[in-house]
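Please read them with the structure open.

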Amino acid sequence: MKLPKVFGTGNRITLSTGKTKRVVMLNNAATTPPFESTLQAVEKYLKMYGALHRGAGPHANETYKKAHEAIDTIKEFLHIRKDQTLLFTQNTSAAINMFIRMLRLTKNDTIITSQIEHTSNNLPWLFNSRARVVQVHAFDDGSLDYNDFDKKMKEHAKTVKLVAITGASNLSGYIPDVRRIAKAAHARGAMLFVDAAQLAPHRPINMKRDGIDALAFSAHKVYAPFGLGVLALPHSVLETQPVDPGGGSIDMISETDVVWAPALHRHQTGTWNVTGIIATGESCKAILNTGWKAMLAHEKELVKYAAEQLATVPGLILYVSPEKFVKENRIGTFTFNLPQYHHALLSAILDQEYGIETRAGTICNHRLVRRWMKVGDREQKIIEGKIKNGNRLASYGIVRASLGIQNTKKDIDALVTALKSIVKNGNKLQYKPVPTEEIYEIV
Ligand SMILES: Cc1ncc(COP(=O)(O)O)c(C=O)c1O
């Protein structure tokens with residue numbers, strides 16, 4: 001099975017302990033390095049880098065050709081419908097904020113979303129729209145409560161304009177049944193938006209088949225870290241005044257009139273991130289050429305192995321039971337704690353003493369983490385007070401190890417061996433808290 005090669009895999013570093021180790025990349029849900037083929041394609045293209053839509057000449061011509069080829073590949077990757085198109089932003093968060101502002105919902109409209117959302121698929125609806133936001137209940141394992149979803153859809157049948165749901169959770173690895181949700185949304189005349197930041201690197205996306213009206217994902221999570229966010233959306237949403245007008249938005253303006261540029265151009269304000277587009281197209285191409293069958297086979301085996309192995313670490317608290325990862329269709333994001341360690345300290349030990357990359361904190365999904373920690377309202381208020389006073393380490397949190405296509409069983413073994421060693425022998429180095437940065441560093 002030939003999988004795309006990830007640049008930087010196998011990097012070695014000298015740890016603070018003095019040992020030299022291979023870096024174990026287990027923070028892929030946060031960001032991924034480029035595929036080697038993506039990096040090569042970008043380097044090749046940059047020799048002919050030129051002005052897209054802003055000039056003529058050999059560099060501009062080549063740039064135009066390459067950008068449009070890449071856009072076509074990204075469309076193919078998403079299987080978009082004919083009535084849909086792409087806009088480019090800087091990441092998923094920016095794409096979602098842009099999308100909600102474009103919808104111009106009113107206080108009489110309802111957005112149905114859920115308790116499992118990343119803050120990027122929650123705060124924009126709350127703070128960048130006037131619509132009422134309704135949150136569907138989730139269970140402790142991070143799965144959606146479909147009874148509650150149906151109930152809320154019924155309750156808000158007359159006003160629901162948008163259902164906004166994650167494609168895959170950055171915390172629990174849970175994958176909602178998007179097709180089911182699409183059917184319910186469309187039955188009420190609402191649009192379905194999918195936050196595909198975590199879905200895109202892990203599962204094939206078919207907007208046409210699954211009834212996804214709009215979707216966002218980030219290039220830096222699909223092995224193309226060149227600062228691009230992709231927003232796929234219906235053409236109909238573009239037939240409005242741009243929310244961020246600027247360079248490229250108009251064809252003509254006078255004191256009495258404005259002739260907006262064609263719909264796609266008027267919203268794509270300023271100079272496009274062509275390098276990002278080309279890189280993203282290349283990564284999408286690499287995945288499509290490899291084939292999802294091979295990608296999924298590798299991931300499934302690894303997720304199962306990680307779940308089984310992590311379950312052998314004495315005392316390790318796993319917030320989603322390993323069986324869920326083995327039996328259900330989840331992506332490999334494993335959340336855990338060791339009771340004797342602050343989550344940020346455990347993450348620092350894995351980093352400094354073992355060269356293992358993880359992420360610690362509430363990882364933009366504080367609602368479920370709070371529930372896992374059983375933090376009541378009173379305790380929450382105390383914690384918030386401390387955080388407001390600059391002690392960001394006062395927050396509850398977890399450590400997350402997240403898998404990417406470059407990971408192997410060796411990486412899982414390294415994590416499990418490290419955790420077992422920490423349980424048995426404790427930390428070898430001394431650490432001090434840095435509350436303003438929400439980290440621990442070596443003394
Ligand atoms: C599910 C989910 N949605 C949205 C985002 C935000 O992505 P970005 O940081 O690229 O804006 C993330 C990032 O981790 C995520 O995991």
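This is a predicted model: local features need pLDDT of at least 70, side-chain atom pairs count only at pLDDT 80 or more; totals for chains, interfaces and linings use all residues.

1. The chain falls into domain 1, made of 12–30 + 291–442, and domain 2, which covers 38–289. Between the C-alpha centres of domain 1 and domain 2 the distance is 29 Å.

2. Where the domains meet, 19 residues of domain 1 contact 20 residues of domain 2. On the domain 1 side, at least two residues each come from α10 (292–310), α11 (322–327), β14 (333–337) and α13 (366–373). Sorted by class, this side of domain 1 has nine nonpolar, five polar and five charged residues.

3. Which residues are closest to the ligand? They are N91, S93, N170, A197 and S218, in a surrounding set of 13 residues. By class, the shell around the ligand has 10 polar, two nonpolar and one charged residues.

4. Helix α1 spans residues 36–46, and its buried residues are T38, L39, A41 and Y45. These lie on the same side of α1 because they cover an arc of only 165° around the axis.

5. What covers the buried residues of α1? The cover includes α2 (58–78) and α9 (274–290). On the face of α1 turned away from the buried side are E43 and K44, both exposed.

How values were computed
Residues are numbered from 1 along each chain as its sequence is written. Domain bounds come from an automatic or database domain assignment. Two residues are in contact if their C-beta atoms, placed from the backbone, lie within 7 Å. Helices (H or I, at least four residues) and strands (E, at least two) are DSSP runs, numbered from the N terminus. Ala, Val, Leu, Ile, Met, Phe, Trp, Tyr, Cys and Pro count as nonpolar, Asp, Glu, Lys and Arg as charged, and the others, Gly among them, as polar. A residue is near a molecule or strand if its C-beta atom, placed from the backbone, lies within 6 Å of it. A residue is buried if 20 or more other C-beta atoms lie within 10 Å of its own, exposed if 12 or fewer, and partly exposed in between; C-beta atoms are placed from the backbone. The arc is that of the directions from the helix axis to the C-beta atoms.
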